[in-house]
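Here is a short briefing on how parts of one protein chain pack together. Look at the structure first, then work through the points.

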Amino acid sequence: MSNTEYSARHLSVLEGLEAVRKRPGMYIGSTDSRGLMHCLWEIIDNSVDEALAGFGNEIGIRLHADSSVEVTDVARGIPVDIEPKTGLSGVEVVFTKLHAGGKFGSGSYAASGGLHGVGASVVNALSERLDVEVDRDGQTWAMSFRRGEPGIFDDSAGIAPNNPFVASQDGSPLRSIAKIGKNVNGTRVRYWADPQIFIKDAAFVADDLVARARQTAFLVPGLQLTIDDLRDGAETPQQKFKFDGGLAEYAEFLAPDTGITDVWRLQGEGDFTETVPVLDENGNMVTQDVKRNCQVEVALRWGTGYDTTVKSYVNIIATPKGGSHIAGFEAALLKTLRAQVEANSRKLKPGNDKIEKEDVFAGLTAVVAVRLAEPLSEWADGPIDEALAMIDVDGRVLQQFRLNEIGRAHV
């Protein structure tokens, strides 16, 4: 017979990163190769967000032969000064505190795909060892962690995740290891996934990494991503991706057929007001109206085939399940083309047949990208009234249309 007693002593409270290690699937989905890749995306996306904010245009991803992975960028570098509430350095806050970072309304990032203080700390918790180096303020700062705990490894016999480790007892373990030029900035993160967490067969998938790097290079024009695969048996040791053409070039890449139109690149933006919960000076949760900006970019073309290819993104994160941004795009495109056929009915002679969605989307290849602050992770109401996009129909008519609820994507 089961024990029916249930009191406060039966409750467990997990502190810090313990919860991540206890239930990793809640944070990264699984502990197989998919979860391993999810961790890598978290670190890469932090560097991509720096590029989106206008800082840096190079990201390096290196898969080492010892099963570690390293991500480098030339950007601002993680803050190294002391965060006043915790008394810890910015680096330690980012890698040890959940729900802490520069993307929660502080103004450091207008639109971001990752959450610096969430993703980095989760990856750290699930790593046997993680090393971070930051070039900032004329110095190179370094810090190491073992399963989320800061300290120092004895690397006298070479760098390895199982080297002797001494945990930090007091004070911030961030240390300066070199002097550099004042204008040199960037971050390097190298980590070894914890075999206590991930299954034995978990591995970084080169094809998935290449596909994601190529996709990101299309979505962030001018950003170069370099992949160095130093593992045994790597088919292509180094690959570089950089596309200045942005979504237009991406649409051409995705198109499965010969084009019968040029690629049309459409851009627009608008403001909307959103009611969000915020903390006041006393630490109480209150609601507040916040003005948001939403930027929309679309690239589309029609080809000789009948298949439809539509890719959508919110803050460069793919939204394969669509969302109201896609619903708005589809409805607006259909409405616009119907209006143009009607306006040119004498010339086109459409008869009594009404153009349907299948007619418009046959042979279409399109990429829809939306950027805005703090998109919702689930379906929600809340129209964004003045988000406008422009379509040049056959090069003759410039037609405006609304994309309502464009920011409410299922990400």
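Axes are lines fitted to C-alpha atoms, and angles between them run from 0 to 180 degrees between N-to-C directions. Keep in mind that this is a predicted model. Two packed helices are described by the angle between their axes and the distance between the axes.

**Helix 6 against helix 7**

- Helix 6 covers residues 206–219, and helix 7 covers residues 246–254. They pack at about 135°, and their axes lie 7 Å apart.
- Helix 6 is therefore oblique to helix 7.
- Helix 6 brings Arg214, Gln215, Phe218 and Leu219 to the contact. Helix 7 brings Gly246, Leu247, Glu249, Tyr250 and Phe253.
- Of the residues in this contact, five are nonpolar, two are polar and two are charged.

**Helix 6 on its own**

- Helix 6 has 14 residues, so at 1.5 Å a residue it should span 20 Å. Its end C-alpha atoms are 20 Å apart, which agrees.
- Which residues of helix 6 are buried? They are Leu209, Val210, Arg212, Ala213, Gln215, Thr216, Ala217, Phe218 and Leu219.

**The nonpolar cores**

- In soluble globular proteins, nonpolar side chains tend to be buried together.
- The largest nonpolar core here has 62 residues. Val91, Phe95, Val132, Tyr191 and Leu209 have the most contacts inside it.
- Helix 3 (residues 33–52) gives this core its largest share, 10 residues.
- Leaving out residues up to four places away in sequence, Phe95 touches Leu17, Ile78, Ala120, Ser121, Asn124, Leu130, Val132, Phe145 and Val189.
- A second, separate core has 21 residues, including Val314, Phe329, Leu334 and Phe361.

Conventions
Residues numbered from 1 in each chain as written. Predicted model: local features only at pLDDT ≥ 70, side-chain atom pairs only at ≥ 80, totals over all residues. Heavy atoms only, no water. Helix = DSSP H or I, 4+ residues; strand = E, 2+ residues; numbered from the N terminus. Parallel < 35°, antiparallel > 145°, perpendicular 65-115°, else oblique. Contact = heavy atoms within 4.5 Å. Nonpolar A, V, L, I, M, F, W, Y, C, P; charged D, E, K, R; others polar. Core = buried A, V, L, I, M, F, W, Y, C linked by side-chain atoms within 4.5 Å. Buried < 20%, exposed > 50% of the residue type's maximum accessible area, 1.4 Å probe, protein only. Expected span 1.5 Å × (residues − 1).
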